Amino acid sequence: MKIEPTHEKRNRAAAHSQPQRRGSLKLRLLAWFLAVSLVPLSVVVAISYYTAKKSLRDNAYAAVARDVEQRAAFFNNWFNYRLVDLESQATSVSNSKFLQELRDAFKSGGENPGKFTRSNRWRAIADERGEDLETFCRLYGYYDVLLIDVEGNILFTVAEAGDMGTNLFDGPYAGTHFAAAFRETLESGRPVFSDIEHITPTNDDVTAFFTEVIMDENGEKIGAFAIQITSEHIEHATQSAEEKGAGIHAYVIGISHDADSVTLRSRVDRIVPTESGTQSRDLQLDDSSRYLEQYVDTEQTRLWFSEHGPGGNDFAEMDEGAFVYDGPDGSRVLGIHKDFFIAGVNWGLIAEIPEEVAFAPAAHLRNLMVTLVLATGVTVVIIAIIITGRIVRPIVRLSHVARLVAAGDLNQEMHTSATDEIGELACSFNEMVSSLKNMFAELSNQKSALDEHAIVSIADIRGNIIHANDKFCEISGHSRDELLGQNHRMVKSGEHPPEFYRELWKTIAGGRVWSGEVRNRARDGSHYWVDQTIVPFLNADGRIERYVAIRTDITRVKEAEENARRFALELENTNLELGGQKEEAEAMNAELLIINAALETARVEATVATKAKSDFLANMSHEIRTPMTAILGFSENLRNGDLSESETHEAIETIHNNGGHLLCLINDILDVSKIEAGKMKLEQIACSVHEIMTDTAKLMKIRSDAKNLVFNTEVIGSIPETIQSDPTRLKQILINIIGNAIKFTDEGGVRLIARFVPDQVTPSMQFDVVDTGVGLTEEQVGRLFQAFIQADSTMSRKFGGTGLGLTISKSFAEMLGGNISVVNSAPGCGTRFRTTIATGPLEGVRMVDAVTATRGTTSSKPSGASQSNKPLDCRILLAEDGPDNQRLISFVLKKAGAEVTVAENGQIAFDLAMAAVSEGKPFDVILMDMQMPVLDGYKATMSLRERGYKGPVIAVTAHAMAADREKCIDSGCDDFASKPVDRQKLIELIRTYVSRKETAILS
């Protein structure tokens, strides 16, 4: 038997144990590395590309939608101004007398209308009366202005074209849209638009007419007033709102004359022949004289025709979204249509942009993504070769050592500079701890965010933003100017499915409140979450007028939830790797549960706060709509004109009282706003406590008498003759508290008790208001002075009110060095409120009892003739852009004896004022509205002062805050009057400045 050495056995065993190589490990690792690296990269790039492409396409859709909205708004506004011009001229007494004289002269002559309009009698009347209409036509750029009697005779035109002297019932134009509009106006008594058509007197150009009835002084129809416009007006209104450089073009369409297809109402470049019957035309559409007959057959025009053509439903909710289709010239376009109704005529506005222009950024992005993937692939290949080499070399050495160990050589060692598993595990653990610290810091920040104020916005019924507070601007990243007028879709993130938004709109459109969590997108592309409540606000007719949205920022809560889920997953994986750390991980899990519970508590508190503000908005809606219902209802009764004298007086008083109530609501809200902003300033002047109590008692006596309640005032002991305080705010406090006492008392009475509380440091006055009303529970007393909150919800439903009065009063009392508290109260046993205020220094002030105080404050008004009835006898320039305010203020001033000149914006006011100075007849007073188009009141006043204008300028504005008054004075105004205008105060203010000017002249 042959015996082998031991070392030879080991070598043979190692050789037998070595596996047969079937490929290179380095190549397999390289292949797997490339697959693992490039496949996810390609997926991420593809997802990113399609996401970005969708966003770019959405932007293109939004641009087209925004363009058509802007054009439609301008178009509607342009036509509304035409209707305003039409109404002002049709209701003009001068034009009524003009037409009446023409009718009388025509009937007395006995000739036909054509001969009459060429007669000297017609010329004499037209020369005397027609100058104003010629000026009106020239000033506003109309083609022609016409007067037509009820028999259809055109008795006057400014242009004196071939249609003058013809008859619209049986003359050569009886079959025109113009004649049909005239007949409809006479039948309905309302303004009518004729739609555009070719008319021979205008050289067969495209033209259109607005018509409205003219009444005589007895209210009888004597004819109609007509305004004629041309195609250039339509083109101007169509293109004026165009986005420069956007590549978007628009055109107007309408129903064809035979009502079976769609024809143009404005020009486009050209249209390609179609295969559909009569619409198969290959004509240039830039021919200004023939485009009206051109048919347009696209998906957009067919959609519009299905809404407004024969059998269509104008009031159905049709899809007006943008989509891609074959345009009028046969090329693919992205387009959208917008409906509008012009005094009896349906038109459609279509905005289009070539598809290649709209989606050019998406094509550029695709090329960029392909280049990025290729470059990344090359880089990954190079890096993979290097890394796989470093991985394989230690494995090869490890394989060699392993074979030697398997063969029995136990003295082999594996030397490597690579980090072992223990070191890697320690690094992982340290990274986990670092992640936990970062997570706790973020959770703390999220909790702080939950304590911030709400995010508020207001939208109209279309979802367009009309108000946004600072928090909304801050969280969205948009400025207020960028948000206003835009749709809430601009912050839509794309996170929620379409069904989510359809259900939202279905809820609020039905007049119900919607609450839920929404993810939105900020301007920089980031996303944020809000807990949102949307409350529909209804007008007096019960229709939805606007939507108020109150949101709480829960972005960090959402991020914390995501981090918590990710942390739980990481913790689970770590537990598998760190089996020995199970107890510590369980402790961390318990801590995380505590944090989540705290977050849930914070969420509940935020929800409660949101509900409180929602309840306030609903209550405020009720408080506003109640007086508005009375105002609108009695205004309608007055407009109908069938009331007796007493009923008319009662209606006017009701409207005035409810208007005053609305003004009080606004003042309360402004007071709360100023108090919260720290801008409320109080006076410290000498005032009589007895006079304040007497004035308050006179006001409150009226309310108590109306409810058959006893109201008494009482002074206990001696009180200072005068104190240092703010008499206006003190009176406001007493009126609020006594008014509440009267409101919540049905039987018995209310007492106001005053006493002096001496103190060497801070002496004070104490006012107790005691009633025999419904009383309060301890719980109700605890939340009585919170803003927007009454004792409970049944109080606001039964007694009304906003819940602001006591909050404002308490703030005023504290600012006056005192406080307001409930001394005692119980349900059914009445309530005793106590108000204290500091008296200020009392050195040299004598103490008086109630009788002495009454005798000391008795005074009589000075005798002599009143100046309030003396005519103003001055020239006033009124700068005001609102037509209603122009008429109201002008009426008041003219009735007071002033000569009034109206300027509809600041630029016109500046020009008129400087022209009057140059003519040596400057205005005595300028009334300047501060919010006007072209040039606002601030800049107009500053411009006048820079040019050396010395006359008095009085600001008249709806901004009534103290800061607004200071801003007006800083701009150069001499004084300030707030809207709504108190006519007597305004007249006296004007009289003061006119008197100063006269005194300066006499001196």
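In this predicted model, the axes of helix H3 (residues 93-109) and helix H5 (residues 120-129) come within 10 Å of each other and cross at roughly 175°. Because angles over 145 degrees count as roughly antiparallel, H3 is described as roughly antiparallel to H5. On the side of H3, the contact is made by Ser-94, Lys-97, Phe-98, Glu-101, Leu-102, Ala-105, Ser-108 and Gly-109, and these meet Arg-121, Trp-122, Ile-125, Ala-126 and Arg-129 of H5.

These two helices belong to a chain that holds 29 helices and 30 strands. Among contacts between residues at least 6 apart in sequence, 61% join residues that are at least 24 apart.

A further helix, H23 (residues 805-815), is largely enclosed by the rest of the structure, because eight of its eleven residues are buried. The buried residues of H23 are Gly-805, Leu-806, Thr-807, Ile-808, Ser-809, Ser-811, Phe-812 and Ala-813. Gly-817, which follows H23, has a positive phi, near 85°.

Elsewhere, Asp-195 lies in the loop between strand E3 (192-193) and strand E4 (197-198). With a relative accessible area of 11%, Asp-195 falls under the 20% limit and is therefore buried. The side chain of Asp-195 makes a polar contact with the side chain of Arg-265, at 2.9 Å. When neighbours within four places in sequence are left aside, Asp-195 is in contact with His-177, Thr-207, Ala-208, Arg-265, Val-345 and Trp-347.

The cysteines can be considered next. A disulfide is a covalent bond between the sulfur atoms of two cysteines. The structure holds zero disulfides. Cys-968 is accordingly in no disulfide, and the nearest cysteine sulfur, which belongs to Cys-973, is 5.3 Å away.

| Residue | Relative accessibility | Class |
|---|---|---|
| Asp-195 | 11% | buried |

How values were computed:
Residues are numbered from 1 along each chain as its sequence is written. This is a predicted model: local features need pLDDT of at least 70, side-chain atom pairs count only at pLDDT 80 or more; totals for chains, interfaces and linings use all residues. Side-chain values use heavy atoms; hydrogens and water are left out. Helices (H or I, at least four residues) and strands (E, at least two) are DSSP runs, numbered from the N terminus. Buried means under 20% relative accessible area, exposed over 50%, partly exposed in between (1.4 Å probe, protein chains only). A polar contact is a pair of N or O atoms within 3.5 Å; within protein, one must be able to donate a hydrogen and the other to accept it, and residues adjacent in sequence count only if both atoms are side-chain atoms. Contact means heavy atoms within 4.5 Å. A disulfide is a pair of cysteine sulfur atoms within 2.5 Å. Axes are lines fitted to C-alpha atoms, for helices over the stretch in contact, and angles run from 0 to 180 degrees between N-to-C directions. Angles under 35 degrees count as roughly parallel, over 145 as roughly antiparallel, 65 to 115 as roughly perpendicular and the rest as oblique.
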